[in-house]
Amino acid sequence: MLHRRADQSLVERTRQIRRGLMGTPLIPLADEQCDIVAKLEFCNPTGSSKDRSALWILEQAIGRGEIARDTTVVESSSGNFALALAFYCRMLGISFVPVIDPNCNEATEAQLRLLCERVEKVSLRDGTGSYLKNRLSRVQELLAELDSAYWPNQYANPDARDAHYRFTAGELIAQAGPLDYLFVGVGTGGTIAGLSHRIKETYPGCVVVAVDAEGSVIFGGPPKKRRIPGIGSSIVPPLCGQALIDQVEIVSEARAVEACGTLAAKYALYAGGSTGSTYAAVQDYFARHRPGPHRPRVAFIAADRGHAYAQTVYDPTWVQQLHAQTAQPPGVKTLAVN
């Protein structure tokens, strides 16, 4: 990778943007068994927790001279990370080429095509039934093709982890106080890697529960076709190995859809598929593990909002098709992590 002297005006611009961002809110959710709080990461500017890692990765790479004004940023994403990079690269005057696939929501793809001069879309599934490996192959082709290019590599970049250690976890600790449980959806692993380390430094007894999608291979499950972007993966991201995880909850897509409906009907939270999966895990975990006389303090990360899912998770016809294709009752499985 080419390293040049850092463009100080660009460095300062990224710092100004970051300083201007407000922290995301924490809200309580009424529950009979637990004191549940939701960290609304979907209140970030582009609507997901990916704002944290996208901006910090850009800021650090610019500071190291890996990104200059003539650099093209290239990244594989199912939607949210691409949208965050598109937003911040446009603010910084840097070119960005996202590599997406058919699981990217229509609204997200339309926004990417508005913000980016070039959008690459792979159409062939890989051997796991997903598109990720083919997206990553296309990224490598683009890196070889372009004169000056930078790959953030959200799946392995320690800056992605550090963004959540510094900012998301720091805010959560200040807002929530002592925690007994923390539930985090897992895709690239950066969020849970950063959060788990800082939360356990502050609250060593906190149980960290990783939430994954049925059909994802992150925690050793068999691969299968997945339709909801933002959670799960067809590879094991290196950042996941850095997370401090106590238990894993595997959530079906049908159950995620059901939980999104509950969040909207009961709490007026218009949440995305990753958030629905995480809330489903909270509900079902405590349905099976009834707390004692002590009401546990439980936090979960509401990582994405529902607008991009209007034509999928919130569309009755799409949901009917999902149930017909899966042809099995919704559910959650629990794995213990040694």
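Helix axes here are lines fitted to C-alpha atoms over the stretch in contact, with angles taken between N-to-C directions. The model shown in these close-ups is a predicted one.

**Close-up 1. Helix 3 packs against helix 4.** Here residues 80-92 make up helix 3 and residues 106-115 make up helix 4; their axes sit 10 Å apart at an angle of about 25°. Angles under 35 degrees count as roughly parallel, and so that's how these two helices run relative to each other. The crossing of helix 3 past helix 4 is left-handed.

**Close-up 2. Side by side: the residues where helix 3 meets helix 4.** Helix 3 brings A82, L83, A86, F87 and R90, while helix 4 brings T108, Q111, L112, L114 and L115. Sort the residues of this contact by type and you get seven nonpolar, two polar and one charged.

**Close-up 3. R64 pairs up with E66.** Their side chains form a salt bridge, at 3.0 Å from N to O. R64 is partly exposed, at 36% relative accessible area, whereas E66 is buried, at 11%.

**Close-up 4. E145 joins hands with R118.** This salt bridge spans 3.2 Å, N to O. E145 belongs to helix 5 (residues 132-145) and R118 to the loop between helix 4 and strand 5, so the pair ties together parts 27 residues apart in sequence. E145 is partly exposed at 43%, and R118 is partly exposed too, at 27%.

**Close-up 5. A network of salt bridges takes in E145.** E145 also meets R138 in a salt bridge, at 4.0 Å from N to O. The linked residues are R118, E120, R138, E141 and E145. Across the structure there are 24 salt bridges.

How values were computed. Residues are numbered from 1 along each chain as its sequence is written. This is a predicted model: local features need pLDDT of at least 70, side-chain atom pairs count only at pLDDT 80 or more; totals for chains, interfaces and linings use all residues. Side-chain values use heavy atoms; hydrogens and water are left out. Axes are lines fitted to C-alpha atoms, for helices over the stretch in contact, and angles run from 0 to 180 degrees between N-to-C directions. Helices (H or I, at least four residues) and strands (E, at least two) are DSSP runs, numbered from the N terminus. Angles under 35 degrees count as roughly parallel, over 145 as roughly antiparallel, 65 to 115 as roughly perpendicular and the rest as oblique. A crossing is left-handed if the near helix is turned anticlockwise from the far one by less than a right angle, and right-handed if clockwise. Contact means heavy atoms within 4.5 Å. Ala, Val, Leu, Ile, Met, Phe, Trp, Tyr, Cys and Pro count as nonpolar, Asp, Glu, Lys and Arg as charged, and the others, Gly among them, as polar. Buried means under 20% relative accessible area, exposed over 50%, partly exposed in between (1.4 Å probe, protein chains only).
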